[in-house]
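What follows is a report for a reader who meets this structure for the first time.

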Amino acid sequence: MAKKIAILGSTGSIGRSTLEVVEAFPDRFKVVALTAGENIELLAKQAEKFKPLQVACKNEYLAEKLKPLLPKGVKLLHGKEGIIACARHPEVESVVSALVGSAGLLPTFAAVEAGKTLALANKESLVMAGKLLIEKARETGSQIIPVDSEHSAIFQALQAGRAQEVNKIILTASGGPFRERPKETFNKITPEEALKHPNWRMGPKITIDSATLMNKGLEVIEAHFLFNVPPEKIDVVIHPQSIVHSLVEFVDGSVIAQLGVPDMRVPIAYALSYPERLPLPFPKLDLVKASPLTFEVPDLEKFPCLALAYEALRLGGTAPAVLNAANEVAVEVFLEGRLRFDLIPEVIRETLVRADIKEPSSIDEVINADIFARIIAHQIIDELEKD
Ligand SMILES: NC(=O)C1=CN([C@@H]2O[C@H](COP(=O)(O)OP(=O)(O)OC[C@H]3O[C@@H](n4cnc5c(N)ncnc54)[C@H](OP(=O)(O)O)[C@@H]3O)[C@@H](O)[C@H]2O)C=CC1
Ligand SMILES: CC(=O)[C@@H](O)[C@H](O)COP(=O)(O)O
Ligand SMILES: [Mn+2]
C-alpha cells in the first residue's frame, strides 16, 4: 500500500526534492495534499503531475489566480487555515514539513496534534516551541523523524546504542562561504556572495543562516529537543566537505557517523520510508574522490551567531523563539540590502537583551514572543540605520 503524504512547502527546495523521491517510487507514496506560498504556477504543475486531493496556497488572492490552473476535482484552500487543513487531512499518514521559518510552526504543530508521522525539515518550529511540540507528540503518538541532514545522521547513529550510553552529539558544519574570509571584510559581504553555499543548493533563508553559522546554532537547539541531550553534550565541528553529516560519541569512545554525498533526497527518503531503506537511484559516495575529509574548530568570534544560539538554549523558555524571530528579521532585511552582514548577530544579541523571556505554556505564548521579538528587532535595525 502506498503511504499517503502531505508536503507543506512543496514549491521550495525540500518540497521539490521530496517530489523527486515520490516520482522515483510511485508505488510507495501517494501525494494527498500539497501547499505553496506564492509560487502558484509551480503548485499547479505539481498538482497536474501528482494529482493530490487537496492543495493550499498563501492567501485568497493567489487562490483565485490558482483556481483556473488546477486540474478538475482538486480541492483548493488558502491561508494558514488551508495549510493546516492539509497537515490534518484525515487520509494523510506522513506530513513533510518543508515550510521555511516561523510560518511552519502552526501547520507543524497541527500535524503533531493530529497524530501524523512528521518528516521534519522546518527546524524553526522546533527552535521556537521544541518543548511543546515534543510533549504534544508524546501525547498523540506522533512520530517525529528528522529530515535535516545532520539530525537524520544523528537519528541513524543513535540506533547503534542506548540513550544512556550517549556521551555527546557532534554536529558537522560546512563553515559556509566565509570560512576563510577575514572578519575585517565581513561588513562588505553582499547578499549575492552570502547566497553561494559551497556544498548545498537550498532556499535563501537557510543559505544565509549557513553563512552566519546561525544554521548550526538552530541545529544545536533542534538536536537538544529532538534527542533530549543537554547543550553541554552537543558539539559543533567544521567539516568543509559536508560528507560526514554528523556523529554520535558513545561512552566506550566509539564514534558512529553517517556519511553520504550532500543530497537532501537521501534524508528525505529515509524520513518517509523509516525504518525501511529505499534503493535510491541517485549518485553514491566515492570515498576516494571525496578525500580528504577535514575537521576544524568553529571560530566563534568570527561567527557569533553560533554562541548566541547556545546562549538562548541555556536561557530556555522563549529565548530560542526570540533568537529565531530576530534572526528571521535580520536575514530578511540583509537580503533587502538594508542591513550589513556583520550586524546580523548584533541585532539578535540586542533583541535577546531587550526581550522579556519566560516559560511559554502554550503555542499562543510562543507566537506572542515571536511577534514582540520582531518588533524589537525592527527597532534595533532602525536605530542602526540612524547611526
Ligand atoms: N533546503 C535544504 O536543503 C534544507 C532545508 N532545511 C529546512 O527546511 C525548511 C525549508 O527550507 P527550503 O526548502 O530551503 O526553503 P525554500 O525557501 O526553498 O522553500 C520554502 C517553502 O515554504 C513556502 N512558504 C514560505 N513562506 C510561506 C508562508 N508564509 N506561507 C505558506 N508557505 C510559505 C514556500 O512557498 P513559495 O516558494 O511558493 O512562496 C516554499 O514552498 C527550512 O526550515 C530549512 O531550514 C533543512 C535542511 C536542508
Ligand atoms: C543540508 C542541510 O541539512 C543544511 O542544514 C546544511 O547542513 C547547511 O550547511 P551548513 O553546515 O553550512 O550549515
Ligand atoms: Mn542541516
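Which residue is the bridge partner of Leu171 in β10? The partner of Leu171 is Ser246, and this bridge belongs to an antiparallel pairing in which β8 and strand β10 (residues 244–250) are joined over five bridges. The model described here is a predicted one.

**Strands and sheets**

Strand β8 (residues 166–173) is mostly covered, since six of its eight residues are buried. Besides its antiparallel pairing with β10, strand β8 also pairs with strand β9 (residues 234–238), here in the parallel sense and over five bridges. As a matter of background, the strands of a sheet pair through backbone hydrogen bonds, either parallel or antiparallel.

An open sheet is formed by seven strands, which follow one another in the order β4-β3-β2-β1-β5-β6-β7 with parallel pairing. At its edges lie β4 (75–78) and β7, each of which pairs on one side only. On average, and with direction ignored, neighbouring strands of this sheet are turned by 25° against each other. One of the pairings in the sheet joins strand β5 (residues 94–97) and strand β6 (residues 117–120) in the parallel sense over four bridges, and Ser97 stands opposite Leu120 in β6.

Helix α4 (residues 79–88) has as its buried residues Gly82, Ile83, Ile84, Ala85, Cys86 and Ala87. The cover over these buried residues of α4 includes β1 (3–8), β2 (29–35), β3 (54–57), β4, β5 and α5 (105–113).

From the unreviewed UniProt entry comes the annotation "domain: 1-deoxy-D-xylulose 5-phosphate reductoisomerase N-terminal", which is listed for residues 5–130.

**The surroundings of ligand 1**

Ligand 1 is surrounded by 27 residues, of which the closest are Gly12, Gly37, Asn39, Met202 and Gly203. The elements that give two or more residues to this shell are α1 (13–24), α6 (123–140) and α9, and α1 gives the most, with three residues. By class, the shell around ligand 1 divides into twelve nonpolar, nine polar and six charged residues.

The unreviewed UniProt entry also carries a "binding site" annotation that covers Thr11, Gly12, Ser13, Ile14, Gly37, Asn39, Asn122, Glu124 and Gly203. Of these, Thr11 lies in the loop between β1 and α1. Not counting residues up to four places away in sequence, Thr11 touches Ala36, Gly37, Asn39, Leu42 and Leu43. Glu124, by contrast, has its place in helix α6, and, leaving aside neighbours within four places in sequence, Glu124 is in contact with Gly101, Ser102, Gly104, Leu218 and Asn324.

Around ligand 2 stand Asp148, Ser149, Glu150, Ala173, Ser174, Gly176, Trp200, Ile206, Ser210, Asn215, Lys216 and Met264. Two or more residues of this shell come from each of the elements α7 (149–157), α9 (204–212) and α10 (214–227). The shell around ligand 2 has four nonpolar, five polar and three charged residues.

A "binding site" annotation in the unreviewed UniProt entry covers Asp148, Glu150 and Glu219. Although these residues are spread over 72 residues of sequence, they cluster in space, with a largest C-alpha distance of 8.5 Å. Asp148 lies in the loop between β7 (144–146) and α7, whereas Glu219 is placed in helix α10. With neighbours within four places in sequence left aside, Asp148 is in contact with Ala121, Lys123, Glu219 and Glu222, and Glu219 is in contact with Lys123, Asp148, Glu150 and Leu171.

Why do Thr11, Glu124, Asp148 and Glu219 count as buried? A residue is buried if 20 or more other C-beta atoms lie within 10 Å of its own, and the counts in the table can be read against that cut-off.

| Residue | Other C-beta atoms within 10 Å | State |
|---|---|---|
| Thr11 | 22 | buried |
| Glu124 | 30 | buried |
| Asp148 | 28 | buried |
| Glu219 | 30 | buried |

Terms used: Residues are numbered from 1 along each chain as its sequence is written. Chains are lettered from A and ligands numbered from 1 in the order in which they are written. This is a predicted model: local features need pLDDT of at least 70, side-chain atom pairs count only at pLDDT 80 or more; totals for chains, interfaces and linings use all residues. A residue is near a molecule or strand if its C-beta atom, placed from the backbone, lies within 6 Å of it. Ala, Val, Leu, Ile, Met, Phe, Trp, Tyr, Cys and Pro count as nonpolar, Asp, Glu, Lys and Arg as charged, and the others, Gly among them, as polar. UniProt positions are given in the numbering used here, feature names are shortened, and annotations may be inferred rather than shown by experiment. A residue is buried if 20 or more other C-beta atoms lie within 10 Å of its own, exposed if 12 or fewer, and partly exposed in between; C-beta atoms are placed from the backbone. Two residues are in contact if their C-beta atoms, placed from the backbone, lie within 7 Å. Two strands pair if DSSP finds at least two bridges between them. Axes are lines fitted to C-alpha atoms, for helices over the stretch in contact, and angles run from 0 to 180 degrees between N-to-C directions.
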